[in-house]
Amino acid sequence: MQKFLHWFSHGLIRYRFGFLSLCLIISLFFAYQLKDLSFKTNLGDFYPLKHPYLKIQNRLTEIFGGLNQVSIAVEVKDGTILNSVTLEKVWQITNQLYLTEGINAGRIVSLSARKVKYVEANEEGFKTQWLMHDVPKTVGEIEALKSRILKSPTVYGPMVSKDFKATLIQADFESDVASRKIFDELQNIKKQFEDANNAIYISGQPVLQGWLDFYLPRIASLFIITLLAMSFVMHYAFKSKRGVILPLVSATMATLWGLGMTAMCGYKLTPSTVLAPFLVFALGVSHSVQYIKLYYEYMSKHKRNSKAAAIKISRSLFIPAFTGLLTDGIGPFALLIVPLGMVRSLAIAIGFGVISIFFSTIILIPNLLSFMKLPKRLEVIKEERATLTNRILAYFGKLAVHKKSRNIVIATFFILTIISVMGASQLEVGDKKPGTSLLYPNSPYNLAEKFISDKFATSDPYYILVEGKSENAFFSSSALKEMDSLQRYLEKEVKGVGRTLSLVEYIKGMNMAMFSGDRKEFRIPDKDQTIGEYIFLYSFTAFPGDFDPVVNPGYQYANIKIDLKDHKAQTINEALAKTEEWIKTNHKDKDIDFQYAGGTIGMLAAVNQLLAPMLTKSSLTTTFLVFLCLVFAYGSLVSGWILIIPLVFRTMLVFGILGFLKVGLTAEMIPMVALGIGFGDDFGIYIVSRVKEVLQEGGGSLKDAVIEAMSTSGKAVFFTGMTLAVGIATWMSSSILMQARLGALLGFFIFFNAIGTLIVLPSMIMTVKPKFLVRRSRR
């Protein structure tokens, strides 16, 4: 190894012009690749597409239409919707939707939609009339419309709020229509029809995706904030231009290469992958800090020569830098086992960046330093001058070298870890807040979802697919009664259920109409023949496709739509548990089968069920692979244990804190833990390597080596951790909550790892006194 390090460090400087030219040429190549880079949101990336619930959703999509359903709520601030101005707006919005390219006309639902009927019975069967064919102008016409609404259970409540302050319009677009196009169309409608007295709220999966696409380009402004924040930290650390500029140049090159490789492989910048450049930039700066710190240390103690300094730092830091980058790469690698597109794409983008950092730090930084003029003596003195940071690190070193204090440190560490296990046991899977967890609660989308949920008891749809063994299976009274029983059971037993809808409501409505609107007859007829007659008679005056949202034309497949008021983990779990309970206890009809869970709730449930096992699996995989790298790098099992045990305990402490704070486990926790473990061991690697180098080069006691390592590499570790944490924490300024939350968690995790390393690792080294640190010096 020593021969290789000698050959590498001297060859790097001897052929520095060639290496520098190579870096420049590759950078230009990857800069050219950026022309193909674009922003794109795919909500499928946030869900495990092979989960059984997603397969049921795919079947629902094939039979009943896509997920491109949107809801438009019109609210009147003064008065009710029963005025000609508001009803004119509803009529015009509905007509405009019919003329929109890509709309599924048969699935538009509103007061003036063609398929929304007022049903009356007469001597010939049923008389079905368009609920609101034209906008009512007179008081009499408005009162007649109100009467029809009150007599229609599928309209009063589901489509018109109980206080008549709002009405709901729902539409479905074909699956091949771009979400951004749908979003733009709906925003134009909002802009066109909203006024001082009429507010419009829009929600739905295409709208959510549109908002994410809208916010994504804004992420570029965060890069400037990141640049300024990290520049401030580095100026505080080195108080020199080269201490700021060189790490920024190195990190910029790594980021450019990583983005270039991302574009070259055909990946887009999504809400998850757009974070990779920030992470790579911060990671590149943090590794560069170690090189700059050792450079100034060399200049303060040896004959000042730029080439000699470059050779020295290249030789001294190759193993810890290479090992650190290897463990950095393990985090993204371990994430590839997670069946979520957002996690995998983030892992690949970060992986490209880590590869780039090898060249930008290990090769470029020493290369550039060898060309630079010698720093002025005052510049070196400023950097090496004792500061508050030095005094704090010296205190940490003293804790380690005194037996009593280091035993207290280690004992405290273990006690905190045991307490953290109690906190971690309180963690719950899933989001604990209403609205989408991707955006802030006060975002326009979440405000719209909240309004629609409050007014119409609907926000997040949960679908149950009911499959018949043959066509016309749902002419059966027994089948419809079972569906009705399940709906009433969920409405009664699950607090979060707003309302349910299926073919059952239509048949019960016809039966009630046949008995002159008697509410007692709002039920399923006992005879199959009666149900067949109702559907036959209704078809004479109905619009084709009236039943398409709830049953297919062959009456073999039906669905039950359960609108939940929120998608909190507790609500989802309760709804699924009660569904399973009812099916096991009450499902008797062998001609139909109930399959769940589809809709937004089913997809979120799939993610929630995946989180706990995947979090455990990715964490253990990352920890094991990092351990193997450490053992390989230092040739000792003890080296692996002494570095990995504190890291595992620190990870438990973070989970304990999250548990005590009642933070829900969401999808962004998986990359946070894996990346935190992979990146968190960098700090210990640099300190252990420094202790080993001091012992092997100068001999002396372990106590002196630890104190020197803390005053040199320890200081670099502190600023490395601060730089990396600050760079990642800037994500908290993002308009996308998922990014902000990941930035806060990962930034805290990494800085916590840095501080924990500086406090605990020296005490563990002094307690264990590992032989691998002094092996070569004894020889």
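Colleague: Which residue in β5 does I72 stand opposite?

Modeller: I72 stands opposite I202 in β5. This is a predicted model, in which local features need pLDDT of at least 70 and side-chain atom pairs count only at pLDDT 80 or more, while totals for chains, interfaces and linings use all residues. Residues are numbered from 1 along each chain as its sequence is written, and side-chain values use heavy atoms, with hydrogens and water left out.

Colleague: What joins strand β1 to β5, and how do they run?

Modeller: Strand β1 (residues 69-76) is joined to β5 by seven bridges, and they run antiparallel. Strands are DSSP runs of E with at least two residues, helices are runs of H or I with at least four, and both are numbered from the N terminus. Two strands pair if DSSP finds at least two bridges between them. V74 stands opposite I200 in β5.

Colleague: How many bridges join β1 to β4?

Modeller: Seven bridges join β1 to β4, and these strands run antiparallel. The bridge partner of V70 in β4 is A171.

Colleague: What is the strand order in this open sheet?

Modeller: The three strands have the order β4-β1-β5, with antiparallel pairing. β4 (166-172) and β5 (198-204) stand at the edges, each with a single partner strand, so one side of each is left without a neighbour in the sheet. Neighbouring strands of this sheet are turned by 20 degrees against each other on average, direction ignored.

Colleague: Why is β1 described as largely enclosed?

Modeller: Seven of the eight residues of β1 are buried, so β1 is largely enclosed by the rest of the structure. Buried means under 20% relative accessible area, exposed means over 50%, and partly exposed lies in between, using a 1.4 Å probe and protein chains only.

Colleague: Which helices lie across β1 and β5?

Modeller: Helix α6 (residues 179-193) lies across β1 and β5, running at about 170 degrees to β5. Helix α16 (residues 444-456) lies across β1, β4 and β5, at about 100 degrees to β5. Axes are lines fitted to C-alpha atoms, for helices over the stretch in contact, and angles run from 0 to 180 degrees between N-to-C directions. Contact means heavy atoms within 4.5 Å.

Colleague: Turning to α8 and α10, at what angle do they cross?

Modeller: The axes of α8 (residues 219-238) and α10 (residues 276-301) cross at roughly 15 degrees and come within 11 Å. That makes α8 roughly parallel to α10, a term for angles under 35 degrees; over 145 is roughly antiparallel, 65 to 115 roughly perpendicular and the rest oblique.

Colleague: Which residues meet there?

Modeller: Among them are L222, F223 and M230 in α8, and F281, V285 and I292 in α10. The residues of this contact of α8 with α10 divide into 14 nonpolar, one polar and one charged. Nonpolar covers Ala, Val, Leu, Ile, Met, Phe, Trp, Tyr, Cys and Pro; charged covers Asp, Glu, Lys and Arg; the others, Gly among them, are polar.

Colleague: And where does F515 lie?

Modeller: F515 lies in the loop between α18 (503-514) and α19 (528-541). At 41% relative accessibility, F515 counts as partly exposed. Leaving aside its neighbours within four places in sequence, F515 is in contact with E521 and Y534.

Colleague: How many helices and strands are there in the protein chain?

Modeller: The protein chain has 27 helices and nine strands. Of its 779 residues, 59% are buried. Its C-alpha atoms fill a box of roughly 110 × 50 × 45 Å, taken along the principal axes.
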